Amino acid sequence: MKKKSTFSARDERFAAKLEMPSEDFLPTRKTTDGPPTELQLDPIPRSVGEPTDLVPDRFKPMGSRPPANGPNTDTGRPKASARATVEKGGQEKASPIEVRLAFYWSADLTKRAAVWAEKARCSAGTILTKAWEANRTKIIEMMEQGVRHSDVPHENIGAAGARLSCRILLTPEAHARLTTELDPEGITGISSSLSRWVRQKASPMVDDYLKSAGY
């Protein structure tokens, strides 16, 4: 037969070593009207408005985390990614629209620019880009006044000379007018048509620019 287990009395000193205090070791508070009572610990006072959630944000689900810059206090300033800007009078003004231009200069302009470029120790493309920048504002002003579809050359010039690739900004009103005239069905976009038109208008200006420099 198995020997029955026996239970001895609780060893208070052994329990204290295991950090398991017995009821006799609990702190007590003495009162004047009765026997000692167990000490009741008051909760830590919190200031008004102090959050009670002590869980760090990094352990919370993404949807429950507060915004990185705190709550939205409506500072009255538009976001940087907004498509509109606010003028001093408080009225919204639509942001300019970017259009890409890309075309090749003629072989004649490139050859003459190369002569200048050899002396300037740069490329012919750099000289032609400098000539374009000198007339850029005037070309854009002409463009925003309107471009008729009949004024746009239909043929594409191949890689005859140096290539120009840049981006310009148009007002939303000008962009809308050009789109209506050059791409009414919204199929091809206006970059290709405007590139051919700019090449035609800018070439005489670049020619004059090179002549004024002696090339």
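What share of contacts in the protein chain between residues at least 6 apart in sequence join residues at least 24 apart? The share is 69%, where contact means heavy atoms within 4.5 Å. This is a predicted model, in which local features need pLDDT of at least 70 and side-chain atom pairs count only at pLDDT 80 or more, while totals for chains, interfaces and linings use all residues. Residues are numbered from 1 along each chain as its sequence is written, and side-chain values use heavy atoms, with hydrogens and water left out.

**Overall architecture**

- The protein chain has five helices and six strands; helices (H or I, at least four residues) and strands (E, at least two) are DSSP runs numbered from the N terminus.
- Read from the N terminus, the order of elements is α-β-β-β-β-β-α-α-β-α-α.
- Of the 215 residues, 25% count as buried; buried means under 20% relative accessible area, exposed over 50%, and partly exposed in between, with a 1.4 Å probe and protein chains only.
- The accessible surface of the protein chain is about 16900 Å², and carbon and sulfur atoms make up 53% of it; the areas come from the Shrake-Rupley method with a 1.4 Å probe, and for residues only the protein chains shown count as cover.

**Nonpolar core**

- The largest nonpolar core has 34 residues, such a core being a set of buried Ala, Val, Leu, Ile, Met, Phe, Trp, Tyr and Cys residues joined through side-chain atoms within 4.5 Å.
- Strand 5, helix 2, helix 3, strand 6, helix 4 and helix 5 each give two or more residues to this core.
- Trp105, Trp132, Met143, Leu194 and Val198 have the most contacts inside the core.
- Leaving out residues up to four places away in sequence, Met143 touches Ile168, Leu170, Leu178, Leu194, Trp197 and Val198.

- Helix 2 has 14 residues and spans 19 Å from its first C-alpha to its last, close to the expected 20 Å; the expected span is 1.5 Å times one less than the number of residues.
- Its buried residues are Leu109, Thr110, Arg112, Ala113, Trp116 and Ala117, and their cover includes helix 3 and helix 5.
- Trp116, in helix 2, counts as buried because its relative accessibility is 19%.
- Beyond four places in sequence, Trp116 touches Ile127, Tyr209, Leu210, Ala213 and Tyr215.
- The C-alpha atoms of Trp116 and Tyr215 are 6.9 Å apart, although the two residues are separated by 99 residues along the chain.
- Arg121 lies in the loop between helix 2 and helix 3 and is exposed, with a relative accessible area of 80%.
- The phi of Arg121 is positive, near 60 degrees. Most residues other than glycine have a negative phi.

**Helix 3**

- Helix 3 covers residues 124-145, and its 22 residues reach 31 Å from first to last C-alpha, close to the 32 Å expected.
- A kink of about 50 degrees is centred on Asn135; the bend at a residue is the angle between axes fitted to the seven residues ending there and the seven starting there.
- Buried residues of helix 3 include Ile127, Trp132, Asn135, Arg136 and Met143.
- The buried residues of helix 3 pack against strand 5, helix 2, strand 6, helix 4 and helix 5.

**Cysteines**

- The count of disulfides is zero, a disulfide being a pair of cysteine sulfur atoms within 2.5 Å.
- Cys122 is partly exposed at 31% relative accessibility, whereas Cys166 is buried at 11%.
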